[in-house]
Amino acid sequence: MQDGAILVGDAGGTNVRFALAHETAGRITVSPIWKRPGADFKTFEDATAAFLSEAKPKLVGASFGFAGAVAHGHVDLLHRGWSVEFEKVRQLLGISRLVAVNDFFAMARSAPDLPPDEVQDIAPGKADPDGSIVVGGPGTGFGIGILRRIMGADGYVVVGGEGGHQAFAPQTDIEWRLAEALRAKLGYVSNEIVAAGAGFEDTIEALAGVLGVPFRKRSEPEVFDAAQAGERLAVELFRIRAATVMTAMGDMALAANATGGVFLAGGISVRLAPWLKEKAAIDRLRNRGWRSELVAPIPVKLIVSETAPLIGSARLWLDQAARGWL
């Protein structure tokens with residue numbers, strides 16, 4: 001790679017992150033992350049300019065992951081209210097090549113690069129080194145990505161999508177009643193509504209009604225603290241979220257034949273770790289009737305690295321440079 005850094009970024013519903021990435025001896029290294037609330041900036045370009053004014057980097061290119069559907073040189077960040085035109089960003093940076101993808105597209109590409117201390121084991125298994133990998137989970141939204149190894153080559157292909165908007169699949173009595181309450185208010189109930197930050201207020205209010213317990217508005221961190229203290233409503237919410245994540249990722253594992261592993265990601269997934277490790281949650285991924293044997297060997301891991309989507313973005317820039325496509 002020519003002299004200079006790859007500007008890598010991750011723009012989600014809550015925060016925007018930038019860093020400078022380099023490849024050395026096949027390994028990606030990332031500078032300390034510049035992280036700010038997205039609400040501090042009117043546009044993505046404003047956030048980018050703020051980083052540039054501080055870092056003043058020499059760039060060879062840029063690669064960004066956005067929490068939205070990227071298409072036709074454009075992305076709308078639904079949970080941030082930003083509309084981004086990539087050509088304008090490229091001109092702002094003064095570079096010839098910019099890669100822009102969905103944030104979980106970038107997250108998926110990072111999986112083979114993550115060292116053991118940047119993932120946690122959720123459920124044991126034996127990964128097929130040539131098998132597909134699925135990456136997904138809730139943050140502000142619910143992202144999904146599939147990673148497929150290019151056979152006979154040292155590379156990968158990523159398939160992105162909006163799988164977090166697939167329909168919520170209740171299995172317990174409480175989940176069915178929660179689904180009915182949410183459907184009465186919202187119409188369509190997705191995994192994102194139940195498990196992610198975007199649906200937090202609607203879901204916890206509906207769950208309080210199902211459980212017949214008082215409801216008062218609280219932030220997600222406050223409810224997390226309450227769950228750790230054993231409050232019934234909070235614990236039930238986090239258990240349902242964990243079950244929803246594991247059910248959704250089990251569906252993805254079957255759809256992609258993900259013998260290479262399941263990686264859970266996203267800020268909510270990290271908070272859900274104690275409940276994701278419970279047998280009831282693991283069973284939601286593993287118990288697949290006649291096809292349970294297909295998912296039984298698949299290891300399930302939790303990505304706890306904040307640099308993961310930035311590493312993935314750098315890899316995607318290098319992939320495109322090497323082969324001309326993603």
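How many salt bridges does the structure hold? It holds 19. A salt bridge here is a side-chain nitrogen of Lys or Arg within 4 Å of a carboxyl oxygen of Asp or Glu.

Before the details, some ground rules. This is a predicted model, where local features need pLDDT of at least 70, side-chain atom pairs count only at pLDDT 80 or more, and totals for chains, interfaces and linings use all residues. Residues are numbered from 1 along each chain as its sequence is written, and side-chain values use heavy atoms, with hydrogens and water left out.

Now the sheet. Helices (H or I, at least four residues) and strands (E, at least two) are DSSP runs, numbered from the N terminus. Two strands pair if DSSP finds at least two bridges between them. Six strands make an open, mixed sheet in the order β9-β14-β13-β10-β11-β12. β9 and β12 (156-161) are the edges, each pairing on one side only. On average, neighbouring strands are turned by 25° against each other, direction ignored. For angles, axes are lines fitted to C-alpha atoms, for helices over the stretch in contact; angles run from 0 to 180 degrees between N-to-C directions.

β9 (119-123) runs antiparallel to β14 (300-303), over four bridges. There, V119 has I303 as its bridge partner. β13 (261-264) pairs with β14 in the parallel sense, over three bridges. V262 stands opposite V300. Next, β10 (133-138) and β13 pair in parallel over four bridges.

Which strands does helix α8 (232-256) touch? They are β9, β10, β11, β13 and β14, and the helix direction makes about 155° with that of β10. Contact means heavy atoms within 4.5 Å.

Back to the charges. R315 and E23 meet in a salt bridge at 3.8 Å, N to O. R315 is in helix α13 (308-323) and E23 in strand β2 (15-24), 292 residues apart. Is R315 buried or exposed? Buried, because its relative accessibility is 11% and the cut-off for buried is under 20% relative accessible area; exposed is over 50%, partly exposed in between (1.4 Å probe, protein chains only). E23, at 32%, is partly exposed.

D202 lies in helix α6 (200-211), K185 in helix α4 (173-186), 17 residues apart. D202 is partly exposed at 23%, whereas K185 is exposed at 53%.

Finally, salt bridges that share partners join D10, R17, K35 and E306 into one network.
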